[in-house]
Amino acid sequence: MTPRLLSHLLKQYRWIPFRTYAVKRESKHYPLEKIRNIGISAHIDSGKTTLSERVLFYSGRIQSMHEVKGKDAVGATMDSMELERERGITIQSAATYVEWKGHNINIIDTPGHVDFTVEVERSLRVLDGAILVVCGVGGVQSQTMTVNRQLNRYRVPFLTFINKLDRMNANPTRAMNQLKSKLGHNAAFVQIPMGLEGNFKGIIDLIERKAIYFNGPHGEEISVEEIPEQYKKESEDRRRDLIETISGVDDELGEMFLNEEQPNEQQIHDAVRRCVISRKFHPIFVGSALKNKGVQPLLDNVNRYLPNPAEVENIALDELGKEKKTIKLDPTRSFGAPFVGFAFKIEAGGRNTSATQLTYVRVYQGGVKRGDTLYNIRTMKRARVSKLVRMHSNKAEEVDEAYAGDICAFYGLDCATGDTFVNDKAYQISMESIFVPDPVISMSIKCLSTNDVEKFAAALARFTREDPTFRIVYDEDNKESIAMGMGELQLDIYAQRIQREYGVKIQMGKPKVSFRESLAGPIKFDYLHKKQSGGAGQYARVIGILEPLSPEKFATVEFSDETSGTNVPSQFIPAIKKGLMRAYEKGSLSGNKISGLKFRLLDGDNHIVDSNELAFMLAAEGAIRQTQEYGQWQLIEPVMLVEINAPIEFQSSVSSLVVKRFGIISAIEPREDWFTMLAEIPLNDMFGFSTDIRSHTQGKGEFSMEYTRYCPVRSDISSKIIQQYQESLEHPQQQQQRRRN
């Protein structure tokens with residue numbers, strides 16, 4: 001290869017950041033009923049990525065399997081980032097696709113750590129089905145509950161896979177009972193294991209009444225035999241439980257059950273599929289991904305039970321007209337209907353400033369091909385599809401076109417997460433956006449070298465664009481940048497990525513909790529903003545009540561327009577909302593954001609000449625200042641749901657540790673020689689908890705936590721925070737005088 005040709009190739013592909021070059025792959029389009037879009041979600045360390053690796057291997061997508069922590073210096077296919085392989089955790093969701101027995105399965109492997117929950121959120125938003133992986137030892141854990149809420153939020157049908165049955169103390173029956181009691185699942189076994197722990201030999205298909213064994217060096221040789229005699233009674237009992245459970249929610253099978261008719265295998269399969277799609281029943285499958293058992297039958301049941309894109313109703317909002325109406329999208333795989341695509345994830349590029357953004361898109365209607373022109377409904381900007389690809393982990397594979405039901409990616413589109421794209425400018429519809437939780441922790445972040453400031457700014461701009469939960473604000477009081485996120489791990493990961501990917505040395509401050517300010521009781525307001533100067537002045541009056549929301553809504557704010565008549569013209573309502581958002585940015589007690597309030601606008605006044613948007617915006621800000629002066633305000637703080645696992649002999653010491661940190665123990669569940677404790681602990685009291693839990697359990701205990709709600713701060717902490725803030729507002733000379741005294 002000549003130097004000239006090499007230089008040409010480098011210039012051509014230099015914009016592809018941190019991923020292999022795009023490879024031209026022949027597009028193979030499947031009929032709609034042969035497509036499945038699924039996600040694999042679970043609590044951290046439940047075996048999601050290991051399961052994904054086996055799925056890729058058995059489907060022929062990869063030629064050899066590698067382990068998650070990269071012990072063989074390779075690492076799992078779906079964990080392509082160096083940090084993921086070092087830490088043995090999934091940080092970013094990764095997309096791929098496989099072919100299994102004539103079906104195209106698009107798969108997204110998601111993180112299990114609560115700090116990266118937005119990756120799960122935006123993945124489940126665009127998927128038609130999911131696999132909920134549950135550890136056979138740990139059972140239902142804290143992040144399992146979070147994933148379950150996300151599945152319910154987007155009404156995603158799913159199968160449950162109880163993994164790690166080769167591990168010591170594995171107990172699938174206990175895990176199923178937890179699924180029923182903790183998550184409220186209407187669940188039953190469709191498969192049961194033959195043996196557990198070191199004696200785990202295979203699985204029994206209850207519907208087909210067959211025993212399945214996985215032979216060969218990688219479990220690729222499957223043999224189906226008759227059920228061994230010692231498992232026949234249990235399998236018949238479990239099969240009867242399965243039919244009874246389904247009969248309670250399926251009319252067809254229920255009628256047969258009442259008439260004492262025995263359904264055949266196909267009738268049971270059809271009933272399971274109907275109930276899975278309607279989310280009335282959640283079948284349980286078993287296995288061990290690490291030991292290569294149970295994966296192929298799970299894939300068979302993904303094809304058999306989970307819906308295709310046509311069986312899930314996808315709704316868009318018509319943006320034209322005063323009243324928004326819903327439109328059911330057409331899933332037909334053709335160019336006949338207008339194109340509708342939803343951008344659910346972006347990768348903004350690397351340290352090269354010419355890097356082009358990669359946008360992951362779920363196609364909901366119509367089709368798109370390379371060279372098409374699309375419109376962003378939010379900005380109405382036009383963009384050309386210069387390159388259309390499908391992703392296999394970090395590999396981009398070029399395709400010529402994509403249709404409804406496909407998950408693909410575009411290079412070069414300028415957009416944000418949650419944007420809707422159409423190919424007809426007049427077809428103004430938008431998809432429901434993604435739920436993004438507010439950050440609960442913050443740290444100061446500073447670039448150590450003035451020569452790296454430009455790269456530092458580029459890194460922050462990139463990561464805040466990619467991750468909606470990672471935010472950067474500038475603190476005017478302390479003259480420093482503040483990084484906010486969902487937890488210490490998330491901020492630590494981004495700090496390391498800035499140093500590794502951009503070569504920028506940075507310094508992170510101590511973690512700070514995102515306290516908020518809220519009202520303790522309702523208060524009326526009546527504020528008149530009046531300003532007169534030469535010419536037109538400003539006049540606006542707002543009257544109403546500011547009242548606290550219920551504790552479960554402490555992290556939100558609400559607005560209610562309860563005016564009648566024309567005292568407050570409707571064109572000024574957006575200005576009032578804008579003024580409120582500005583006023584909520586900083587409270588008077590501690591300088592933290594204001595939340596947990598409902599602003600009820602009851603009445604007001606305007607002037608035919610002097611009233612304008614600015615006047616009503618300032619009036620809304622003045623109303624908040626008025627309530628701050630006369631209302632009873634309080635500080636609120638994030639509370640974490642903490643799950644602790646430790647040997648049973650340390651239960652009393654762990655309990656005292658939780659109580660010392662002002663935690664409330666909600667449940668203790670013993671299992672063999674271990675116990676699981678659930679407690680609610682203020683985030684402000686969680687710093688250093690990992691060191692304490694290790695010292696109290698001789699290094700054997702572990703914990704995980706997730707945000708659950710906001711609650712009022714203890715009086716001693718509240719007084720300290722308020723005092724520190726008030727002191728920071730005093731004149732520097734007064735502070736110096738106080739230090740001298």
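Student: At what relative accessibility does Phe703 count as partly exposed in this model?

Tutor: The model is a predicted one, in which local features need pLDDT of at least 70 and side-chain atom pairs count only at pLDDT 80 or more, while totals for chains, interfaces and linings use all residues. Residues are numbered from 1 along each chain as its sequence is written, and side-chain values use heavy atoms, with hydrogens and water left out. Buried means under 20% relative accessible area, exposed means over 50%, and partly exposed lies in between, with a 1.4 Å probe and protein chains only. Phe703 falls into that middle class, because its relative accessibility is 28%.

Student: How many aromatic pairs does the model hold?

Tutor: Rings of Phe, Tyr and Trp (its six-membered ring) pair if their centres lie within 6.5 Å, and planes under 30 degrees apart count as stacked, over 60 as edge-to-face and the rest as tilted. By this rule, the number of aromatic pairs is 12.

Student: Why is the pair of Phe285 and Tyr305 given its class, and which class is that?

Tutor: The ring centres of Phe285 and Tyr305 are 6.3 Å apart and their planes stand at 25°, so the class follows from that angle. Phe285 belongs to strand E12 (residues 282-286) and Tyr305 to helix H10 (residues 295-305), so the pair joins parts 20 residues apart in sequence; helices (H or I, at least four residues) and strands (E, at least two) are DSSP runs, numbered from the N terminus. Phe285 is buried at a relative accessible area of 1%, and Tyr305 is buried as well, at 0%. The class of the pair of Phe285 and Tyr305 is therefore stacked.

Student: What class do the rings of Phe689 and Phe703 form?

Tutor: The centres of the Phe689 and Phe703 rings lie 4.9 Å apart, with the planes at 90°. Phe689 sits in helix H16 (residues 689-696) and Phe703 in strand E40 (residues 702-712), so their pair ties together parts that are 14 residues apart in sequence. Phe689 is buried, at 1% relative accessibility, whereas Phe703 is partly exposed. Given the plane angle, the pair of Phe689 and Phe703 is therefore edge-to-face.

Student: Which residue has its charged end over the ring of Phe662?

Tutor: A charge sits over a ring if NZ of Lys or CZ of Arg is within 6 Å of the ring centre and within 35 degrees of the ring normal. Lys369 lies over the face of Phe335 in this way, at 5.0 Å from the ring centre. Over the ring of Phe662, at 3.5 Å from its centre, sits the charged end of Arg714.
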